[in-house]
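Please view the sequence and the structure before reading on.

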Amino acid sequence: MRKYDFIIIGSGIAGLYVALLAKDAGRVLIITKGSIDDCNTRYAQGGIAAAIGKGDSPDLHFQDTVFAGAGLCDPAAVRMLVEEAPYCAADLIRLGVPFDTVHGEIALALEAAHSIPRILHAGGDATGEYIELALSRRVRESKAEVLEYSLATKLVVEGGRIRGVRALDVVRGESEEFSSPRVILATGGAGRLFRFTTNSEVATGDGVALAFEAGAEVSDMEFFQFHPTVLHLPGVEPFLISEAVRGEGGVLRNICGFRFMFDYSPQGELAPRDVVCRSILEEMRKTKSDHVLLDATLLSPHLTTSRFPHIFRFCLEHGLDITSEPIPVSPAAHYMIGGVKTNVNGEASIDGLFACGEVACTYVHGANRLASNSLMEALVWGRRIFTSTKHRVDKTEKANYLPSRSPSSAPPVSLSSLQELMWEKVGILRSREGLEEAANVLAAWGEEIKDVSDRSAYEVKNLVLVGRLMTEAALLRQESRGAHWRSDFPLPSPEFAKHIVLKRKDED
């Protein structure tokens, strides 16, 4: 068995940044189920938030983040994010990320629910891709070992402590174990749970499933953020239309041409994402349409083509000139707010297990993520894993166990049937009846999927488990708050100003 000082699972911004920090502290192994460049980071268009501009401050960034989080942000975690963000931004520049500039200064953009422009971007709307390429190039040049096309299938735990990882070579079909006293989960989210999603095919909830099955606690799984503006064209895969389009002055109209957002929020198009999503759904219902329109024609053509070159080119390739025509959009699944519960140093509830990035629940985002905080969260917690003194912080309620459910009849499990079920019953609008139906089907599918041997089967297995965690947490939270909205409990409740933590019940 090969031994390492650090094993990192995942190769997005979180995993690569951790590897670069750890490379001089010991032997490092990165395990990734595709190539080192297959991740969600490269599709992040909007940018990365840091209070570095004139008139901005960590205090303002703190206030915006807490306001968006709807009462569930951990103030200590948010304070850590906003204070360390400028230093991490500088570190990205040191590592070669070419952020856009104006007159020699970093260009800063405005996004929804931010009170001031503070979003750094690169290549206009290609920030994630530029960061990913810069970090992956540095990792390839470093001493870190990279094991591509290998899927982590089990965390090896002995005596309550991490001992290593079992991984499947998806090309050869063979499994191997790797030993390490420190395992860092950086596997990203689970957007492929849903029929409509901005996520790439790799976002199958692998890290949450691995951690939960190993006995770690997961938290806030009911909070999943849907992006309001995703390109909606017949026969075209969902394509993210960055929030920055609205930040630059784009407006939302229904199919009748009416600008509707100020009917729902005094912040208009710059309201928090959950508000914009539900407002769009209501306008779609009113107009009996499957989309609304994002009008960017008010922007100068030069601004549109230079600030959003990827969006402009993609739409033009599909017959849509966004400088002269409105963009048909509708909501889609975008970001997993919950995940593996960690403390302020990235430690999970199993000794030696860490998590950072979208797979982690750090309580920075609360019930609703502030735009462009996610990439920065990955960097800050990656750094904390290696620079902070070990100090476990217990700041959550007692963990719940998944309830037992009687086997029920269910259609055969498949990725498409799972995505349809989650979109219809556990999507933007939820109810007890729909959640109960989904929970029963997911429990039956969980019993059905036992012996798996290839990557696609493992991914469906992981998604079913993560879907069940999300559904059961949504049933437990009998209120509406942030990204979680229930028609049978449409208002927030003081009783639920807390986190819902789930843990696997040890078998007798």
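## Overall fold

In the protein chain, 73% of the contacts with a separation of 6 or more are between residues 24 or more positions apart, a contact being heavy atoms within 4.5 Å. This is a predicted model, in which local features need pLDDT of at least 70 and side-chain atom pairs pLDDT 80 or more, while totals for chains, interfaces and linings use all residues. Residues are numbered from 1 along each chain as its sequence is written, and side-chain values use heavy atoms, without hydrogens and water.

The chain holds 13 helices and 24 strands, defined as DSSP runs numbered from the N terminus (helices H or I, at least four residues; strands E, at least two). Of its 508 residues, 60% are buried, meaning under 20% relative accessible area, with exposed over 50% and partly exposed in between (1.4 Å probe, protein chains only).

## Salt bridges

The whole structure contains 37 salt bridges, each a side-chain nitrogen of Lys or Arg within 4 Å of a carboxyl oxygen of Asp or Glu. One of them joins Glu 437 to Lys 425 at 3.5 Å, N to O. This pair links distant parts of the chain, with Glu 437 in helix α12 (residues 432–448) and Lys 425 in helix α11 (residues 415–425). Glu 437 is partly exposed at 40% relative accessible area, and Lys 425 is partly exposed at 26%.

Glu 472 and Arg 468 also form a salt bridge, at 3.6 Å. Both lie in helix α13 (residues 455–476), four residues apart, and both are buried. A network of salt bridges links Lys 33, Asp 206, Arg 455 and Glu 459.
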